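Subject: Structure for your files

Dear colleague,

I am passing on the structure we spoke about. My notes on the sheet and the helix packing follow it.

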Amino acid sequence: MTAPEPTQPTGATTPAALRAVVTGASSGIGAATVRRLRALGWDTVAVARRADRLAALAEETGTSYVVADITAAADVARLAEEVAAGGPVHALVNNAGGALGTDSVEGADLDRWRRMYETNVLGTLAVTQALLPALRNSGRGDVVVLTSTAGHGTYPGGAGYVAAKHAERVIADTLRLELVGEPVRVIEIAPGMVRTEEFSLTRFAGDQAKADAVYAGVDEPLTADDVADAITWTLTRPHHVNIDHLMIRPRAQVSNTQVARRSS
Ligand SMILES: NC(=O)c1ccc[n+]([C@@H]2O[C@H](COP(=O)([O-])OP(=O)(O)OC[C@H]3O[C@@H](n4cnc5c(N)ncnc54)[C@H](OP(=O)(O)O)[C@@H]3O)[C@@H](O)[C@H]2O)c1
């Protein structure tokens with residue numbers, strides 16, 4: 001895959017010598033964000049559990065990478081050490097996460113809910129805590145949190161993911177309040193339907209037919225690169241400009257429950 005054309009809108013800051021850590025970079029939005037940032041000249045550290053996919057991304061983009069599970073305390077500590085050894089860090093993109101199942105509340109599987117909470121909420125919390133001192137010391141730090149439109153409203157069968165994304169949003173909102181006056185922005189990106197290779201496949205435990213049905217008849221769901229474009233846009237605003245929340249959906253989707261689908 002070729003790196004996207006850099007789109008640096010007028011007024012963007014010069015990103016030379018800036019460095020970002022992107023979690024969940026072995027696929028989808030995280031990988032697309034690394035591609036975009038690299039194309040704009042950023043140094044990046046890609047993070048995920050699958051080493052082979054990170055190595056392929058490194059080969060393609062020149063990113064460095066750290067293999068880590070964000071729900072494992074020892075991995076997060078090692079990640080912080082390896083990042084610190086590489087120099088200052090200016091941005092953390094908390095992107096690792098996802099949904100498991102579409103359980104009703106009545107029929108919810110507690111283990112799936114727990115895993116969603118651990119990855120989306122506690123994983124984001126742990127990595128943010130670990131890197132915040134370095135982000136602050138950089139003199140111009142950014143914490144990006146990939147929530148979802150599921151962090152802003154619910155839908156039948158979504159409660160486990162919706163609860164986790166609401167909690168993740170609260171971390172961003174609270175951290176922004178707690179850091180007021182410090183040189184660290186806190187940015188929440190809330191995408192709607194994004195057709196990535198793995199999000200729905202993971203949600204439906206590898207059932208490709210169920211994953212494909214999510215996007216059936218929808219004209220142009222968002223792509224990973226659409227969201228990566230939004231992320232890099234927020235990161236490249238002059239540093240006194242904080243994009244608190246950015247909600248982004250495909251035109252065909254107006255809410256979590258209303259999506260235009262072609263019938264044939
Ligand atoms: N796709 C959508 O429709 C959509 C919409 C709104 C919001 N989002 C959010 O956007 C983010 C990215 O979504 P996506 O569609 O790009 O998903 P994806 O393709 O399934 O990617 C998820 C990434 O997270 C990583 N990951 C999962 N658990 C991890 C862990 N414990 N430690 C480290 N890395 C972990 C995965 O890598 P490894 O398996 O290699 O660890 C993978 O790189 C997620 O937070 C998701 O909730 C997605």
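How many bridges join strand β6 to β7? In this predicted model, four bridges link β6 (residues 184-191) with β7, and the two strands run parallel. One of the residue pairs is Pro191 with its bridge partner Ile248 in β7.

Both strands belong to an open sheet of seven strands with parallel pairing, in the order β3-β2-β1-β4-β5-β6-β7. At the edges are β3 (64-67) and β7 (245-248), each of which pairs on one side only. Ignoring direction, neighbouring strands of the sheet are turned by 15 degrees against each other on average.

Helix α4 (residues 110-137) touches β1 (19-23), β4 (91-94), β5 (141-146) and β6, and its direction makes about 170 degrees with that of β4. Helix α5 (residues 159-178) touches β4, β5, β6 and β7, and makes about 155 degrees with the direction of β6.

There is also a helix pair to report. Helix α1 (residues 28-39) packs against helix α8 (residues 224-235) at an angle of about 50 degrees, and their axes are 8 Å apart. The two are therefore oblique to each other, and α1 passes α8 in a right-handed crossing. On the α1 side the contact is made by Gly28, Ile29, Ala32, Thr33, Arg36 and Leu37; these meet Ala224, Asp225, Val227, Ala228, Asp229, Ile231, Thr232 and Leu235 in α8. By class, the contact of α1 with α8 comprises eight nonpolar, three polar and three charged residues.

Regards

Conventions
Residues are numbered from 1 along each chain as its sequence is written. This is a predicted model: local features need pLDDT of at least 70, side-chain atom pairs count only at pLDDT 80 or more; totals for chains, interfaces and linings use all residues. Side-chain values use heavy atoms; hydrogens and water are left out. Axes are lines fitted to C-alpha atoms, for helices over the stretch in contact, and angles run from 0 to 180 degrees between N-to-C directions. Angles under 35 degrees count as roughly parallel, over 145 as roughly antiparallel, 65 to 115 as roughly perpendicular and the rest as oblique. A crossing is left-handed if the near helix is turned anticlockwise from the far one by less than a right angle, and right-handed if clockwise. Contact means heavy atoms within 4.5 Å. Ala, Val, Leu, Ile, Met, Phe, Trp, Tyr, Cys and Pro count as nonpolar, Asp, Glu, Lys and Arg as charged, and the others, Gly among them, as polar. Two strands pair if DSSP finds at least two bridges between them.
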